[in-house]
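Subject: Structure handover

Hello,

Here is the structure I said I would pass on. My notes on it follow below.

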Amino acid sequence: MERKKSPVLSSILSLILPGLGQAYAGALSRGVSFFLGIVLAALLVHWRQAYLLYIGIVIAWLWNVWDAYNLAQEKKLSPTIPFILIALIMYIIGWGVTQIDLERLFTNVADVKPLVTSLIQPAVLERDIEQLVAEVKFESPCSDSPPEKGTPSPDEPYLILVDKTCGDPGDTFTVTGGNFWPSTKGYIWWSNLAGEMQFRVRYQGDFLTFQTDEEGNIPPTTVVVQEPFAEAKGKGPQLYRVQARMQREVGSPHLSQTFFLVVEKMLETIFLALMATTIAIFIAIPISFLAARNLMGGHSVTMFIYYAVRTILNILRSIEPLIMAIIFVVWVGLGPFAGVLALAVHSIAALGKLYSEAVESIDPGPIEAITATGANRIQTVVYAVIPQIVPPYIAFTVYRWDINVRMSTIIGFVGGGGIGFLLQQWIRLLMYEEAGAAVWAIAIVVALMDYASAKVREMIV
Amino acid sequence: MLQIENLTKVYDDGTVALDNVSFEVPDGEFLVVLGLSGAGKSTLLRCINRLIKPTAGRIIWDGEDVTAAKGDELRRIRRHIGMIFQEFNLVERASVLTNVLSGRLGYVNPWLSIFHYFPKEEIDRAMRNLERVGIANLAHKRADELSGGQRQRVGIARALMQEPRLMLADEPVASLDPVLAHSILRYLEQLNREDGITVICSLHFLDLVRRYATHVVGLKDGQVVFQGLPEEITDQRFKEIYGEEAERVTIT
């Protein structure tokens, strides 16, 4: 006979600590669920300081008292109400934690427009660029013999100084010129005398531009004297080149440099996946035999190896390839080799498991039959085991290579080589048209691999 | 002469599959082992070629202790014991010829065989054995393209490659329809009569037992409950082996 439970005691227990009354009434797992559910929800509400949600917790708590009262009388209520309450609290908190803001989806559409437009028009084609340059020398700071203002040329593009030929950094001076393409926009460049240090001059944040008239003359343009380059600091008066530059596209469109760069990096990506997969195959095959229960069972030593190998594979598989790539980048340096290692280690773990399951699912019949003919162990493996595992091994390998190509396209984001490295750089430099080319290349290659691997697997299995 | 003495097999989970089984099989006999599923028939046959290691008891074949044999010696014994199976146990993705040749693995050079090399005379032997079971034309088909009856004939051809003096047949016709069952058993009968191969075959159907067996051993719960000639199995005896609810199923 079971001892009678007191409903009052049970409900008081649950009032003190949710779930305690249920545990007292003999429903231990129900009690643990109530305890965890209510306490965790309360902690989360406290953390988010969403005090209004305490109402829900109070209701759930009271329901839990009522449930404990009923349980003690062996009446089991359906816990739908507290379940919905707790779930609701979780979703409200989740909404806040993940900062869901649907309004922004609509108000910030303009920000994504250039990116999307560039993705639609990737920098695959380009035209040759023709450039016009004219320059004049300027001195900063002034010396005893400042340079000439320069003379207009009758037919060549030219640039001359109008007011000053020297000045301190921060001063302004005026340039003018002629014989450029008419009605075209151009930029002012600043470089040291040797010419290896150069940049486009900015004025109030934007690049300093000029617009030629119908005759191709540059209107007087004010330029600010730039700070000296680092190596010229404190060395007294220096000469600088002030240039006017103009560019235009000529000729017919042809495949861009970006295109060839993307193709090259894409090939690197595919090879990265190939090498990683191949390395993984050679290591995963012997491991898979150690991780197959049907081969390792029957002896405590082999079973220990089985569990050890399984555990290592499970741990390795739970580490994302991207995290592994970060480790290998530190280890062997930036570049595709780090990516190969990261993907190989992850693939060993994944293939090891898949292969070992293929070994576990083989039909023992042929093994029995071949053993019965008087064949030795190696012959039995060659004639009865290998024919059965080759098709699934090939299928899993192709599938893995497919996944590795996919992974290797982004492993470059953390420095693991391949096209991801380029993509990530272009995005950071806001070179969206180039990034678009990379994104397209990834999409095409991944889709092709996906199709090819599905076909191969269809053929084999 | 095959002598089975006090053979007992207890599996790891405690199941007693064979309980002190003893009988003798003179050379040239067609012995049928009769019994329900789980009566220990398969375990008994597998103990004879040591696919299963018995817990206790001895099996003596032509004066040699099979139960004590190890390694090379065991393999040498095995290669003279052919075996065919209910589920045929062919390597499905290999060709018929490869399946048949694999029956010869106990004889050929093991290193060459790993690279699937077999001498010409072995390939000829395989073709002769396929002809014998009437499917030489299927030699280069894949085993999984064959029908059940054809597969079992491949199984017989594979066993014949061993030049067996003893043939174990574990419910060879249980996966086949009645017409095919007779054709397979007739091959076994032919081997038994013409080649003098001793056959030990487990069967379910009494009609087949009466038609083919020269001697019968009945097993129930791992124990021998009947030993004698097929004619001696009356309906009463049959019920002793198969239990009270058993009804005889007629097969023609």
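How are H3(A) and H4(A) oriented to each other, roughly parallel or roughly antiparallel? They are roughly antiparallel, a label used for angles over 145 degrees, while under 35 counts as roughly parallel, 65 to 115 as roughly perpendicular and the rest as oblique.

Before the details, some conventions. This is a predicted model, in which local features need pLDDT of at least 70 and side-chain atom pairs count only at pLDDT 80 or more, while totals for chains, interfaces and linings use all residues. Residues are numbered from 1 along each chain as its sequence is written, and chains are lettered from A and ligands numbered from 1 in the order in which they are written.

Chain A overall

Chain A contains 16 helices and ten strands. Both are DSSP runs numbered from the N terminus, helices being H or I with at least four residues and strands E with at least two. Chain A has 461 residues, of which 36% count as buried. Buried means that 20 or more other C-beta atoms lie within 10 Å of the residue's own, exposed means 12 or fewer, and partly exposed is in between, with C-beta atoms placed from the backbone. Among contacts in chain A with a separation of 6 or more, 68% are between residues 24 or more positions apart. A contact requires C-beta atoms, placed from the backbone, that lie within 7 Å.

Helix packing in chain A

Helix H3 (residues 28-48) of chain A packs against H4(A) at an angle of about 165°, and their axes are 10 Å apart. Axes are lines fitted to C-alpha atoms, for helices over the stretch in contact, and angles run from 0 to 180 degrees between N-to-C directions. The crossing of H3(A) and H4(A) is left-handed, that is, the near helix is turned anticlockwise from the far one by less than a right angle (clockwise would be right-handed). On the H3(A) side are A:Phe34, A:Ile38, A:Ala41, A:Ala42 and A:Val45, which meet A:Tyr54, A:Ile57, A:Ala60, A:Trp61 and A:Asn64 in H4(A). This contact has nine nonpolar residues, one polar and no charged. Ala, Val, Leu, Ile, Met, Phe, Trp, Tyr, Cys and Pro count as nonpolar, Asp, Glu, Lys and Arg as charged, and the others, Gly among them, as polar.

Helix H4 (residues 54-72) of chain A also packs with helix H5 (residues 80-97) of chain A: their axes come within 9 Å and cross at roughly 155°. H4(A) is therefore roughly antiparallel to H5(A). This crossing of H4(A) and H5(A) is left-handed. H4(A) contributes A:Gly56, A:Ile57, A:Ile59, A:Ala60, A:Trp63 and A:Asn64, and H5(A) contributes A:Ile81, A:Pro82, A:Leu85, A:Ile86, A:Leu88 and A:Ile89. By class, ten of the residues in the contact of H4(A) with H5(A) are nonpolar, two polar and none charged.

Where the chains meet

In chain A, 18 residues are in contact with 22 residues of chain B. Helix H13 (364-372) and helix H14 (377-411) of chain A are the elements that give two or more residues to this side of chain A. The chain A side consists of eleven nonpolar residues, six polar and one charged.

Sheets in chain B

Four strands of chain B form an open antiparallel sheet in the order S2-S1-S4-S5. Two strands count as paired if DSSP finds at least two bridges between them. S2 and strand S5 (64-65) of chain B are at the edges with a single partner strand each, so one side of each has no neighbour in the sheet. Helix H1 (residues 41-48) of chain B packs on this sheet and touches S1, S2 and S4 of chain B.

Strand S1 (residues 2-10) and strand S2 (residues 16-25) of chain B run antiparallel, joined by six bridges. B:Leu2 is opposite B:Val25 in S2(B). Their hairpin has five residues between the strands, and there B:Gly14 takes a positive phi near 95°. S1(B) also pairs with strand S4 (residues 56-61) of chain B, antiparallel, over five bridges.

A six-strand open sheet of chain B has the order S6-S7-S8-S3-S9-S10 and mixed pairing. Within it, strand S3 (residues 30-34) and strand S8 (residues 198-203) of chain B pair in the parallel sense over five bridges. B:Phe30 has B:Val199 as its bridge partner in S8(B).

Regards

Note on methods. Contact = placed C-beta atoms within 7 Å.
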